[in-house]
Amino acid sequence: QADAKILYYSPSCAPAEEKRSQVGLVEGLISFAAMFAGEKGPLRCLRTKQLAFSVLEAEPNTWMVLVMRHPLASQPEASRGSQAAGSAGAAEPRYDEESLADSTLQAVLRNCYSVFRLLHGEIQTFVAEQSMHKLFDLLEDFIPAFLETVDASELSIFHELDGFHYGPMERNVCVSIHCFLDKLQEQFPLIRHAALLYNAHLIYTSLSLSDMQVLYSYLVSFNGVVSNHKLNRGPFGRIPTAASQPGGGSSSFGRAFLLADDEDFLFGVSRRPSNSGGAGPASVFVPAVYLAEGGAGQLVALTYRGVMLVLIFEESAQLDVKLLESVRLACIRPAGDGLSLAELLPLIAPQHAQVMEREDEYRFVYYNQTNHALRLSNQPATTRSLLGGTRPGSCGPKPGERALLCPLHATLSDPRLKCREVSWKSADRGWICAKRWRE
């Protein structure tokens, strides 16, 4: 009976007694903490000298637990010398218990579940429609692949602020994009929802904000950086297979076609007949998606010179090479009325470049809790190096500064403190300030 409660344990090769012991410990702590929780809700985090536990009730009576080991704490040279001159016995290792923020680990767990739900639906629904055995096979593929994308040294504020990088557009261009997508849906009624991005910045979507937030995070956003090629790069970049199609037993997580040209399908047709050179038939990879508000559907993504068109087709739609090719041609061929990607691109690109290439005086992160807008400061494309020559610019805080923003964000978010502004003076980095307003 104890084993039946464990849907999946990573690594799956761990001894059965270890699984029972660890899961039983967490289950007991959750039950014990619930007696004193009150309005604070269930147990969310737990720390030992070596480990940090993060607990999430993903669905009613279905819990996810993430366990990460604290990194070893660096010791001053004087301390090392005194230890070496001391007893001959091995010194007990010291762990940096402050490096892994509880809020960040919770964000990683929430993202893990939201991506799983996006690609495979709710866990309890999957078990009811399929079986526990098929769920295990699916998680055996999904969980290790997801954990490959989690690097403890890169956990930062961007795991907590899971928002959109919006693309700045004038009203008349937004109206033209809206008309283009309406025209496309009239021509192909099986399209239920659509979204348009440029250089991975969101310009338009017909999806709800909550659904688009999960989809955007999965498609283009990773550790504060956004890119149309995210799913082509490590630690993603998995190969689409027949087993990763619905019912195949493997997860579609991280799988996408390689974007080899300026105009290509990320999800859709792997090789268009006109470019195949007779090397073989084109293949189709269209992953299923399960939107919390938009329902089940099929995901198609077409890129065109920096533009990414995201389409959600009806779950029952029979998508083949002929239909997807028709959609592609309808999108890229100039229509004479300005309602095609070829005609919209000359309007979108200059406006995006005008705003996004502007240099900001300070490094900053801006997040709007109403529309989930995420804005990072812009530094020039190249900057002068102290040693001569040039070096690439950057966006937002430096990598070493990003983890420092987590405690500031936690302080501002704590309702007990009612804090609106907080500053942190670092000996080697100057001042870091955080502020919230207009609530």
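Residues 24 or more positions apart account for 56% of the chain's contacts (heavy atoms within 4.5 Å) with a separation of 6 or more. The model is predicted, so local features need pLDDT of at least 70 and side-chain atom pairs count only at pLDDT 80 or more, while totals for chains, interfaces and linings use all residues. Residues are numbered from 1 along each chain as its sequence is written, and side-chain values use heavy atoms, leaving out hydrogens and water.

Begin with the entire chain selected. Of its 439 residues, 41% count as buried, that is, under 20% relative accessible area with a 1.4 Å probe, protein chains only. The chain holds 11 helices and 18 strands; these are DSSP runs, helices (H or I) of at least four residues and strands (E) of at least two, numbered from the N terminus.

Next, select residues 45–47, which are strand 1, then residues 51–59, which are strand 2, and residues 62–69, which are strand 3. These three strands form an open antiparallel sheet in the order 1-2-3; two strands pair if DSSP finds at least two bridges between them. Strands 1 and 3 are at the edges with a single partner strand each, so one side of each has no neighbour in the sheet. From one strand to the next, the twist averages 20 degrees.

Now look between strands 1 and 2, which are joined by three bridges. Here Cys-45 stands opposite Ser-54 of strand 2.

Finally, select residues 102–120, helix 3, which packs on the sheet and touches strands 1, 2 and 3. The direction of helix 3 makes about 40 degrees with that of strand 2; axes are lines fitted to C-alpha atoms, for helices over the stretch in contact, and angles run from 0 to 180 degrees between N-to-C directions.

Terms used
Buried < 20%, exposed > 50% of the residue type's maximum accessible area, 1.4 Å probe, protein only.
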